[in-house]
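Dear colleague,

I am handing over the structure below, and after it you will find an account of what came out of looking through it. Please keep the structure open while you read, so that you can follow each residue as it is named.

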Amino acid sequence: MEVEIIKANPVIPGDACVDRSSRKRVAAYCRVSTDDEDQIKSYNSMVRYYTDLIKSKKEWDMAGVYADKAITGTKVDKRENFQRLIDDCLDGKIDMVIAKSIPRFARNTLDTLKYVRMLKERNIDVYFEVEKIHSLKDGEFLLTILSSVAQQEVENTSAYVRKGLKMKMERGEMVGFQGCLGYDYDPVTKTLSINEEGAEDVKYIFDRYIAGAGGCMIARELNEMGKRTIKGNKWTVSSVMGIVKNEKYKGDLLMGKTYTVDAISKRRLQNMGQEDKYYIKNHHPAIVSEDIFDKAQEIRNKRNGNRCKPSVESGSRIKYSRQYAFSSLIECGYCGKIVSRRSWHSNTNHTKTIWQCSNSTKNGKQNCPESKGVPEEVLEKAFLESYRMLCDNNNDVIDEFIKRVDKALSEDSVESKLVKAKNTDTNLRSKRSILLEKYLDGSVAQDIYETKDLELVRKLAANDAAIESLKNSVNIEKVHRIRLKEFRKVLEENRYLEKFDRSVFESLIEKVILGGYDEDGNSDPYKVTFIYRTGYKDDLYGCKTRYSNASTNKKCSNSSDEVKAVCSNCSDDTCGDGSFDVKGEP
């Protein structure tokens, strides 16, 4: 039996994939990962080298040099010219690709094999000069090993870099500083100095935030004043809150806030304890005091934490929205629950905005039977009345009120108590020392010594605990004094209010209690109690009868555009991060 062999013909007419001319269309790919001077020179040399090489071969046609400059090799999606090379190969414009080495082509084993296989399916050869590998002729085994070595090199380099950065942070050197509003960075000394122009914006943000304004409102105010972020962009909620929670503004430095997941993806995530962090106190000059910064964090944590914090008693969610002036500030005088904002007759021409106990509206009237819905305009007018009563007698009432609060703070000064506690500590330690001397010289028996010494140790422990508590209280007292100063400023600058002003309300009021009992013990669901930030308490009885306007359908003080900026329920006047507008929510 005779077998006739029909010789293979690699060129098949009409085959779009392999119908080539005798000359190969060859393209080169080169890349450098940084933009320093030496690498740019190398980049230019590689482009010239491959241009000359391809043109010098008679059997090759120049299909182009595809080059990426200052781009990492671990992620191909970041390399525009590499992607353009692959697209041209798939479009049938290239027969062969030349790369200096596997790491220049890709430092990710998966990407190397993926694209080599993709081109191999279309009969496109990839030639690596250093390794002398042709993808069409040589097997994948060697290619896999060498590309894995390239990837391992990247991972090792990344590990060395991370270790070096950690050592710098352990020494207290600043790492990863990307610019910060209010500070100028000296790259030579690696120190921060205050930029006065930016510092004014930072102080404004903190002052407004601790006065009750939220991120949205502050961002809008800054944009209206023509202010811009350090990058020249308009202010947003996130950019404002980035300032509020940045510890650099009180003079401290926290490094290691984020970490790199791996060297290949280069994804950075917030460090929630996966890596070490490095905190340095008093690293540079502060723009705001530690008291102001801590107060801002207290407000921020309260807003963010309560939004998704379950209630122990009922299991319900306590949301902290500052979209409206009264949001999260009103408490039911009967059951102590949050009072929420609701709309009555919302689908009619008689829409009315009221505030009512959430325990009653959500869990049933039987849970808080004495509470009633109070119109928003009544609350606004009640505040105007309380404010006017405070100011009507010019400076006399204001000065007397300020003096009374200041006197209370002075008489019950925490600092004086702290001094006494420290003196007590000194006396107790002195007594213990004297007791020991008497025991050693034999003037005090052992059983008496042990009993007396144990008593002194207990007193010292109790006094030490008191000292720690008083130290924390000192900071609170300082905040009260700051509030007192701000309170006077607000009163002096806003002597009379003809209409409800949200900024004044939030600057002065700590809490509002809706409903309660009068002096005779009778229930008054329309009693409104304003608790000022200084501790002053003002009770107003029968407010619905005194302040409601039954002759009109006016639902609140935002019925005209003129009043929109100061109305407590103006949707443009939102405050707080991620605030939302939900009927029945606080």
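**Buried aromatic rings**

Phe293 is buried, with a relative accessible area of 5%. Please bear in mind from the start that this is a predicted model. Phe206 is buried as well, at a relative accessible area of 0%, and Phe206 and Phe293 form a tilted aromatic pair, with 6.0 Å from centre to centre and 40° between the planes.

A pair of aromatic rings is described by the distance of the centres and the angle of the planes. The structure holds 16 aromatic pairs. In one of them the rings of Phe206 and Tyr249 have their centres 6.3 Å apart and their planes at 65°, and because planes over 60 degrees apart count as edge-to-face, this pair is edge-to-face.

In soluble globular proteins, nonpolar side chains tend to be buried together. The largest nonpolar core in this model has 33 residues, and those with the most contacts inside it are Ile330, Leu379, Phe383, Phe505, Ile509 and Phe530. Among the elements that give two or more residues to this core are strand E12 (330-332), strand E14, helix H15 (502-508) and strand E17 (523-532), but helix H11 gives the most, with 8 residues. Leaving aside residues up to four places away in sequence, Ile330 touches Lys337, Ile338, Val339, Trp355, Leu379, Val512 and Leu514. A second, separate core of 32 residues includes Phe206, Ala213, Val240 and Val244.

Ring pairs also link Phe326, Trp355, Phe383, Tyr387, Phe500, Phe505 and Phe530 into a cluster.

**Strand E14 and its partners**

Is strand E14 enclosed or left open? Of the 6 residues of strand E14 (residues 352-357), 5 are buried, so this strand is largely enclosed by the rest of the structure. Strand E13 (residues 339-344) pairs with E14 in the antiparallel sense over 6 bridges, and Arg342 stands opposite Ile354 in E14. E14 also pairs with strand E15 (residues 374-375) in the antiparallel sense, over 2 bridges, where Trp355 stands opposite Val374 in E15.

Strands of a sheet pair through backbone hydrogen bonds, either parallel or antiparallel. An open sheet of 5 strands has the order E2-E1-E3-E4-E5, with mixed pairing. Strand E2 (60-69) and strand E5 (133-134) stand at its edges, each with a single partner strand, so one side of each has no neighbour in the sheet. Strand E4 (residues 125-128) pairs with E5 in the antiparallel sense over 2 bridges, and the bridge partner of Tyr127 is His134 in E5. Helix H2 (residues 80-90) lies across strand E1 (24-32), E2 and strand E3 (96-99), and runs at about 150° to E2.

Two charged residues sit over rings: Lys57 lies over the face of Trp60, at 5.8 Å from the ring centre, and the charged end of Arg79 sits over the ring of Phe82, 4.5 Å from its centre.

With kind regards

How values were computed:
Residues are numbered from 1 along each chain as its sequence is written. This is a predicted model: local features need pLDDT of at least 70, side-chain atom pairs count only at pLDDT 80 or more; totals for chains, interfaces and linings use all residues. Side-chain values use heavy atoms; hydrogens and water are left out. Two strands pair if DSSP finds at least two bridges between them. Helices (H or I, at least four residues) and strands (E, at least two) are DSSP runs, numbered from the N terminus. Contact means heavy atoms within 4.5 Å. Axes are lines fitted to C-alpha atoms, for helices over the stretch in contact, and angles run from 0 to 180 degrees between N-to-C directions. Rings of Phe, Tyr and Trp (its six-membered ring) pair if their centres lie within 6.5 Å; planes under 30 degrees apart count as stacked, over 60 as edge-to-face and the rest as tilted. Buried means under 20% relative accessible area, exposed over 50%, partly exposed in between (1.4 Å probe, protein chains only). A charge sits over a ring if NZ of Lys or CZ of Arg is within 6 Å of the ring centre and within 35 degrees of the ring normal. A nonpolar core is a set of buried Ala, Val, Leu, Ile, Met, Phe, Trp, Tyr and Cys residues joined through side-chain atoms within 4.5 Å.
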